[in-house]
Amino acid sequence: MSTAPQKRVAVIGAGPAGLMAAERLGQAGLRVDLYDRMKSAGRKLLMAGRGGLNLTHSEDLDAFLRRYGEAEAWLAPAIAAFPPEALRAWSAGLGEPTFTGSSGRVFPASKKASPLLRAWLRRLAGQGVRLHTGQDWQGWNAAGDLLFANAAPLRVANAAPVRVANAAPVRADATVLALGGASWPRLGATGAWTTILADRGIAVAKLRPANCGFTVDWSAHFRDRSAGQPLKSIRLSFAGRSVRGEAVITGYGVEGGAVYALSAALRDALEAGGQAILHIDLRPEMSEAELFQRLSGVRQRESLSNALRKAIHLPPVAIGLLREAAGADLPREPGKLAALIKAVPLALLAPQPIERAISTAGGIAQDELDAGFMLRRLPGVFAAGEMLDWEAPTGGYLLQATLATGLAAAEGVLKWLAREA
């Protein structure tokens, strides 16, 4: 494409989707300016990597794509073009080979985000990508130029693209929006873009918390004794779906990987004005009949707490949860107690606010975008990542789709610029 070096593309949002779009566009020889409202790039990526950066998942692609629910057909072409094995090769190319954990989740060898991000920024710098930090996007002026506020002073850092401040309106031949959702806004994604796009007539589904915890009306005694304690090797069930994993009791309620896997259905039930009763199997590896047999040997004078610890190895937090659910004394009759252990009912009151959620549901409606992720109402403007109306569970699916749509939007830019030349 002979005119590519003369074309200028603005990528707004220096999270994973924006960085991936900038990389592909820089690789193609375009002039790429990357903007972010924070003082450095990849803030949420770094936060996600604190507990071990989960890049993707090792399950087969068909099963992988089903994790996106209603958005599967929409996201499938982008993910098929940049599948998990391609992501792993990309990570290795940045000096971070990957490994697969026992759960099937894929991590960089260092299990950290910072080495990967540093190498990524060095690659972008080598491609001539210019990173403008402290730039809060405000939309467009009447001439179609991009507007930014709160320009930061010139900042230059080693191992990163040159940082420059831009107070004046910016003219771009194409724009990629990768501004994220609205979870963890202190890391940069505030969701303020929803108003900007809605004012342009673009349909944006309400942003809602995804992969979030839920409020529970704990007793003061249980909350004070159990907050911060994990429930390990449990099974959670709701609306005909069950998930094995772990949860954590918190001061406000409950959170954790198994909860997040069911959070979309739980959130939707609560928002519809219904109930969300989560059932917890505290011993999924044991049948109700086996529990009954073990509990039948409990002596009448023995305390139930001791019996539950000795007979079926329940930790104190699980015993406390049983007492919360019973509402009074635990039943001593083995059959009733076994049934309770296999399905502890937990009434959830509300999802945690979006500010505390891991990710965001809602965003730009699918119908607003063409196959190249360009906004139909705004030719030359593309969108990617968590701005789009899709959600997925934790486990590598979030980052995989974010990166894949960032790459797909960049490919869309290249094809559109070629047609416009």
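In which order do the 3 strands of the open sheet stand? The order is S3-S5-S4, and the pairing is antiparallel. Keep in mind as you explore that this is a predicted model.

**The open sheet**

- Strands S3 (56-57) and S4 (98-100) stand at the edges with a single partner strand each, so one side of each is left without a neighbour in the sheet.
- Strands of a sheet pair through backbone hydrogen bonds, and the pairing can be parallel or antiparallel.
- Here, S4 pairs with strand S5 (residues 105-108) in the antiparallel sense, over 3 bridges.
- To find one of these places in the structure, look for Thr-100, whose bridge partner in S5 is Val-106.

**A covered strand and its partner**

- Strand S18 (residues 359-364) is mostly covered, with 6 of its 6 residues buried.
- S18 runs antiparallel to strand S10 (residues 204-210), and 5 bridges join the two.
- A handy pair to look up is Pro-209 and its bridge partner in S18, Thr-360.

**The nonpolar cores**

- The largest nonpolar core has 85 residues, and those with the most contacts inside it are Leu-25, Trp-137, Leu-197 and Ile-364.
- Helix H14 (residues 397-420) gives the most to this core, namely 14 residues.
- What does Leu-25 touch, leaving aside its neighbours within four places in sequence? Leu-25 is in contact with Val-9, Val-11, Leu-30, Val-32, Val-176, Ala-410, Val-413 and Leu-414.
- There is also a second, separate core of 45 residues, which includes Phe-222, Leu-231, Ile-234 and Leu-304.

**Helices that meet**

- Helix H5 (residues 84-93) and helix H6 (residues 114-126) have axes that come within 10 Å and cross at roughly 80°.
- On the H5 side the contact is made by Trp-90, Ser-91 and Gly-93, while H6 brings Leu-116, Trp-120 and Arg-123.
- Sorted by type, the residues of the contact of H5 with H6 are 3 nonpolar, 2 polar and 1 charged.

**Helix H4 and its surroundings**

- In helix H4 (residues 72-81), the buried residues are Trp-74, Leu-75, Ala-76, Ala-78 and Ile-79.
- Which elements do the buried residues of H4 pack against? They pack against helix H3 (61-66), S18 and H14.

Key. Residues are numbered from 1 along each chain as its sequence is written. This is a predicted model: local features need pLDDT of at least 70, side-chain atom pairs count only at pLDDT 80 or more; totals for chains, interfaces and linings use all residues. Side-chain values use heavy atoms; hydrogens and water are left out. Two strands pair if DSSP finds at least two bridges between them. Helices (H or I, at least four residues) and strands (E, at least two) are DSSP runs, numbered from the N terminus. A nonpolar core is a set of buried Ala, Val, Leu, Ile, Met, Phe, Trp, Tyr and Cys residues joined through side-chain atoms within 4.5 Å. Buried means under 20% relative accessible area, exposed over 50%, partly exposed in between (1.4 Å probe, protein chains only). Contact means heavy atoms within 4.5 Å. Axes are lines fitted to C-alpha atoms, for helices over the stretch in contact, and angles run from 0 to 180 degrees between N-to-C directions. Ala, Val, Leu, Ile, Met, Phe, Trp, Tyr, Cys and Pro count as nonpolar, Asp, Glu, Lys and Arg as charged, and the others, Gly among them, as polar.
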